[in-house]
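The structure is shown below, and the notes follow by topic.

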Amino acid sequence: MNALVPISPGASRPALPVELTATLELAADFAKASKAPATQAAYGSDFRIFEAWCTARGLCALPATPAALCGFLADEAAAGRRASTLGRRLAAIRYFHRAAGHVTPTSDEKVKAVLSGIRRTIGAAPVRKRAATSDMVIAMSASGTSLRALRDRAIILLGFGGAFRRSELVALNVADLEEAPEGLLITIRRSKTDQEGIGRKVAIARGEIACPVAALRAWLEAAEITEGAVFRRVFNKRAQRVADRRLAARNVATIVKTAAAKLGLEASAFAGHSLRAGFVTSAVKRGANLIKITDVTGHRSLEMLKTYSRDAEAFVGHAGAGLL
């Protein structure tokens, strides 16, 4: 299936001049680039799930009817899918319908009513992963001298120190690093909120107990990495061979979960985002200015930061303090 313009089974393409065909293929490539690779992959996966559901029932997935979509949502909810997952499924179905020039069934009032009922029944609150606060991060990064341990320590400390998304961490190249007396300047070429690649610089402060700058240097020197991807796979626990291939974003989550488990914490409560959430939570607790926090996190709005702020300061100036 083409990730940009899905073609219904049995449909044929009209013959076009060679010059126009090449131009349209280029246009399709540009249109495809409007979505991040991770979004493309998620949409493709979600639509295939819907397509398989329709095929098993003899229904057409593209274009789909509102009734079919209502049935799909009901089955997904009955299977225990979260409201956020259903929202993503609908976004994928909407995307593929619009890309193919079909009227999207997701706008139908019956579909909206079913989704609203599901949200009211199972709840719509997102499942938030636990924040890895500074004390946890220091403990997570405290052991090991092997190549893998050095890499994981650098990922944990740098991920926390820069409040990086896991996709930003694994996309780093040596050319993006610039060491300074005060710490490290890292250039983020592209991110979730910067799909056009304008880029931004993030300052990483040196640490007194656990230093992300020193941890990163130790990893790069031990792995003999002087160019290309910063964080790479390490093969063979005994021989410890560093591959040329960079880590995938999901590997960051695994590293954080493993580190949490070693501390006796519930691994499933943590993810790659725990480092980013932990930085914000820890900074708020220390009284850091929200604007200065956004200089690191890159948030364009303070609304999400206020969520962390409310959690971190839940008992500060509590109205019920001292009443009993």
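Proline 63 sits in the loop that runs between helix 2 (37-56) and helix 3. In this predicted model, the peptide bond leading from leucine 62 into proline 63 is cis, and its omega is near 5 degrees.

**Backbone**

- Alanine 163 is not a glycine, yet its phi is positive, at about 50 degrees.
- Alanine 163 belongs to the loop between helix 7 and helix 8 (166-170).

**Helix 3 with helix 5**

- Two packed helices are described by the angle between their axes and by the distance between those axes.
- Helix 3 (residues 66-78) packs on helix 5 at an angle of about 10 degrees, and the axes are 9 Å apart.
- Angles under 35 degrees count as roughly parallel, so helix 3 and helix 5 are roughly parallel to each other.
- On the helix 3 side the contact involves Pro66, Leu69, Cys70, Leu73, Ala74 and Ala77, which meet Lys110, Val111, Val114 and Ile118 of helix 5.
- This contact of helix 3 with helix 5 has 9 nonpolar residues, no polar residues and 1 charged residue.

**Helix 4 with helix 5**

- Helix 4 (residues 83-99) and helix 5 (residues 109-122) have axes that come within 10 Å and cross at roughly 160 degrees.
- Angles over 145 degrees count as roughly antiparallel, and helix 4 and helix 5 are therefore roughly antiparallel to each other.
- The crossing of helix 4 and helix 5 is left-handed.
- By class, the contact of helix 4 with helix 5 has 7 nonpolar residues, no polar residues and 1 charged residue.

**Helix 2 with helix 4**

- The axes of helix 2 and helix 4 come within 8 Å, crossing at roughly 90 degrees.
- Helix 2 contributes Ala42, Tyr43, Gly44, Asp46, Phe47, Ile49 and Phe50 to the contact, and helix 4 contributes Arg88, Arg89, Ala91, Ala92, Ile93, Tyr95 and Phe96.
- The residues of the contact of helix 2 with helix 4 divide into 10 nonpolar, 1 polar and 3 charged.

**Second largest pocket**

- The volume of the second largest pocket is about 640 Å³.
- The second largest pocket is lined by 23 residues, and Phe160, Ala205, Arg206, Phe279 and Arg286 are the closest of them to its centre.
- At least two lining residues each come from helix 6 (134-140), helix 7 (147-161), strand 3 (200-205), helix 11 (273-285) and helix 12 (290-297).
- Strand 3 supplies the largest share of this lining, 4 residues.
- The lining of the second largest pocket has 14 nonpolar, 4 polar and 5 charged residues.

How values were computed. Residues are numbered from 1 along each chain as its sequence is written. This is a predicted model: local features need pLDDT of at least 70, side-chain atom pairs count only at pLDDT 80 or more; totals for chains, interfaces and linings use all residues. Side-chain values use heavy atoms; hydrogens and water are left out. On a 1 Å grid over the protein atoms alone, a cavity is a set of points where a 1.4 Å probe fits but cannot get out, and a pocket is an open set with protein on both sides within 12 Å along at least five of seven lines; lining residues have an atom within 4 Å of a point. Grid points are joined across faces, edges and corners, and a volume is the space filled by probe spheres set on the points. Ala, Val, Leu, Ile, Met, Phe, Trp, Tyr, Cys and Pro count as nonpolar, Asp, Glu, Lys and Arg as charged, and the others, Gly among them, as polar. Axes are lines fitted to C-alpha atoms, for helices over the stretch in contact, and angles run from 0 to 180 degrees between N-to-C directions. Angles under 35 degrees count as roughly parallel, over 145 as roughly antiparallel, 65 to 115 as roughly perpendicular and the rest as oblique. A crossing is left-handed if the near helix is turned anticlockwise from the far one by less than a right angle, and right-handed if clockwise. Contact means heavy atoms within 4.5 Å.
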